[in-house]
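Take a look at the model below before reading on.

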Amino acid sequence: MTRILGIETSCDETSAAVLEGKGDQVSQKSLVILSQDVHRVFGGVVPEIAARAHLTSIVPVVERAIEEAGIKLDDLDAVAVTNTPGLVGALLVGVSYGKALAFSRGIPLLGIHHMEGHLFAAALEHRDAVPPFTALLISGGHTLLLDVEAWGKYRLLGATRDDAAGEAFDKVAKLLGLPYPGGRYVEQLAREGNPKRFHFARPMVRKNALPQDDDYYAFSFSGVKTAVLNAVRGSKDIEADKADIARAFQDSLIDTLVEKTWRAANAFSRQRVVLGGGVACNRTLAAAMRTRLEAEGDTVFTPSPRLATDNAAMIARAAFYRFEQGERAGLDLNAYASSPIPGLVAA
Ligand code: KG4
Ligand code: ZN
């Protein structure tokens, strides 16, 4: 049995978790997530404030995770830390802390790709959320459609050409006067909206599209965002219209995400679909995904909200795979703002 401490500081959550187990039989012993509320005031994450907040929180957050797991630092077999992608200043806090801990305890260090963490999140709660599957990772910074043949073997089918799905939600929330981060407020508002009053085009979803087309699996959300902007500007009574606009926006986004995921599952004959990232908290999306894919006999797995959004348990979970593959990071481990998810195979 192996026991791994995961650390996540890539954006505005300081998180630590302890997981133990072996292979796909891993159990979560603790998970602590400290969200930095301060960014709400600015309507977006301020990188330097995020980095400084991690610096003050990292020690107590890790101590709490160790305590909740009922273990001592000496009981750890490895430390895994997100080192890419993310805000470099924020990542450096976790990376430096992880290095110091690994060095002082004489245990291995692993650098984990944040999006690979999101890919493993559903497996923490669902025994069957393991490869092969189709994955849709939708967060504030990324939108990735992957075919996952095995852990560590990822075929990147599509990504966004402009805004990430969560970013589109957040920008639309801002246009509608909702708080930051706005995804969940847009979803709430859309529930009261009339779906027939506005209609926004579904980007890159042509009926006669073919798998060899370069936009078959690709995403683009900036057009819908502009459509929302025009609808807001053209509205004579925004208070009366905003729920209908939110509904039309969300319907457009969901239709696109579901259609592209269906295409991928179908093309690779996958029976499982795994969602990850903060936007996977959207229940309307999860329901639409289930309706469409379960009709084909597929199963859709979504992590619960705490594991869908940024957290260290998913980082530790991905680390089990990397650790068992024999991967180790040196004390020269660095942080990178962006880098491709490891294990990409040719499309
Ligand atoms: O994965 P995550 O916690 O952080 C990143 O790695 O970016 O994702 C955060 C994103 C934000 O854009 C937030 O608005 C969005 O997830 N989000 C939602 C919902 N809950 C969170 N988007 C749509 N509907 C939701 N219910
Ligand atoms: Zn994330």
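What makes the arrangement of the four donor atoms around the zinc ion (ligand 2) irregular? The angles they subtend run from 93 to 146°, which makes the arrangement irregular. Four donors count as tetrahedral if all angles lie between 85 and 135 degrees; four count as square planar and six as octahedral if opposite donors are over 155 degrees apart and all others between 65 and 115; anything else is irregular.

A word on the ground rules. This is a predicted model, in which local features need pLDDT of at least 70, side-chain atom pairs count only at pLDDT 80 or more, and totals for chains, interfaces and linings use all residues. Residues are numbered from 1 along each chain as its sequence is written, chains are lettered from A and ligands numbered from 1 in the order in which they are written, and side-chain values use heavy atoms, with hydrogens and water left out.

Now the metal site itself. His114 (NE2), His118 (NE2) and Asp310 (OD) coordinate the zinc ion (ligand 2) at 2.1 Å. Donors are N, O and S atoms within 2.8 Å of the metal (3.2 Å for Na, K and Ca); water is not among the atoms, so sites may look incomplete. Along the sequence, the donor residues follow the spacing H-x3-H-x191-D.

An α-helix has 3.6 residues a turn, so residues three or four places apart point the same way. Helices (H or I, at least four residues) and strands (E, at least two) are DSSP runs, numbered from the N terminus. His114 and His118 are both buried. Buried means under 20% relative accessible area, exposed over 50%, and partly exposed in between (1.4 Å probe, protein chains only).

One of its polar side-chain atoms lies 3.3 Å from an oxygen atom of ligand 1. A polar backbone atom of Gly183 is 3.0 Å from an oxygen atom of ligand 1. Glu187 places a polar side-chain atom 2.9 Å from a nitrogen atom of ligand 1. These are polar contacts, meaning pairs of N or O atoms within 3.5 Å; within protein, one must be able to donate a hydrogen and the other to accept it, and residues adjacent in sequence count only if both atoms are side-chain atoms. Taken alone, ligand 1 exposes 560 Å², and the protein buries 88% of that. Such areas come from the Shrake-Rupley method with a 1.4 Å probe; for residues, only the protein chains shown count as cover. In total, 19 residues surround ligand 1, each with a heavy atom within 4 Å of it. The closest are Gly140, Asp170, Glu187, Gly278 and Asn282.

Next, the sheet. Six strands form an open, mixed sheet in the order E10-E9-E6-E7-E8-E11. Its edge strands are E10 (299-301) and E11 (344-345), each pairing on one side only. Two strands pair if DSSP finds at least two bridges between them.

Strand E6 (residues 133-138) is mostly covered, with six of its six residues buried. In a regular strand the side chains alternate between the two faces of the sheet. In E6, Phe133, Ala135 and Leu137 are buried on one side, and Thr134, Leu136 and Ile138 on the other. E6 pairs with strand E7 (residues 143-150) in the antiparallel sense over six bridges. Ile138 has Thr143 as its bridge partner in E7. A hairpin of four residues joins the two strands. With E9, E6 pairs in the parallel sense over four bridges. There, Thr134 has Val273 as its bridge partner. Strand E8 (residues 153-159) pairs with E11 in the parallel sense over two bridges.

Finally, some backbone details. Thr84 and Pro85 are joined by a cis peptide bond, with omega about -20°. Another cis peptide bond joins Tyr180 and Pro181, with omega about -10°. Ser269 is not a glycine, yet its phi is positive, about 50°. Ser269 sits in the loop between helix H7 (238-267) and strand E9 (272-276), and counts as exposed at 55% relative accessibility.
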